Amino acid sequence: MRIFLLSGQSNMAGRGGVHHRRWDGVVPPECAPDPSILRLSAALAWEEALEPLHADIDTTKTCGVGPGMAFARAILPRLQPPGTAGVGLVPCAVGGTAIREWARGEHLYEQMVRRARAATECGEIEAVLWYQGESDAESDAETAAYQGNVERLIANIRADLGMPHLPFIQVIAALGK
């Protein structure tokens with residue numbers, strides 16, 4: 001299985017279709033389930049991936065549609081050789097979190113590494129998809145420190161997983177004023 005870690009804050013956890021703290025249940029076609037796409041549950045069990053992917057991870061907020069399923073459905077036909085390995089998604093994102101909460105030794109970081117290690121029993125981690133930053137755009141000091149903090153996060157996760165060249169795909173939601 002080709003494994004991708006989904007990490008960061010609310011945009012990765014999925015807030016699509018959430019209105020007044022309720023998810024409307026609408027799943028766009030590009031996020032529809034596919035039996036070749038699995039997710040690692042909070043209990044570390046593989047199951048068919050269904051929206052909302054992070055519902056049992058980001059448990060204090062209402063989750064909806066995020067970018068994980070659309071990414072998995074887009075990458076699935078490009079896997080080589082075709083038809084051999086599915087996609088495994090490892091949800092780790094938690095809404096409203098700052099980069100400091102993802103530092104080595106902090107709960108969110110350690111949980112992400114634990115989940116990543118558990119996932120490798122069924123395949124190889126291909127990349128980390130990181131969508132976070134809005135919580136670090138509240139002050140000029142936080143914004144200025146963000147690059148160094150992300151670089152440390154990348155170095156730490158690569159070191160802790162023993163994957164020095166692990167791709168880290170980052171989306172910057174909103175940094176700066």
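## Cysteines

C31 is buried, at a relative accessible area of 4% (buried is under 20%, exposed over 50% and partly exposed in between, with a 1.4 Å probe and protein chains only). C63 counts as buried too, with 6% relative accessibility. Keep in mind that this is a predicted model, where local features need pLDDT of at least 70, side-chain atom pairs count only at pLDDT 80 or more, and totals for chains, interfaces and linings use all residues. Residues are numbered from 1 along each chain as its sequence is written, and side-chain values use heavy atoms, leaving out hydrogens and water.

What about disulfides? Searching the whole structure turns up 0 of them, taking a disulfide as a pair of cysteine sulfur atoms within 2.5 Å. For C31, the nearest cysteine sulfur belongs to C63 and is 14 Å away. For C63, the nearest one is that of C92, 13 Å away.

## Helices α3 and α4

Now to a helix pair. Helix α3 covers residues 107-119 and helix α4 residues 140-161 (helices are DSSP runs of H or I with at least four residues, numbered from the N terminus). They pack at about 40 degrees with axes 11 Å apart, the axes being lines fitted to C-alpha atoms over the stretch in contact, with angles from 0 to 180 degrees between N-to-C directions.

On the α3 side, the contact (heavy atoms within 4.5 Å) uses Y109, M112, V113, A116 and R117. α4 brings L153, N156, I157, D160 and L161.

Terms used. Helices (H or I, at least four residues) and strands (E, at least two) are DSSP runs, numbered from the N terminus.
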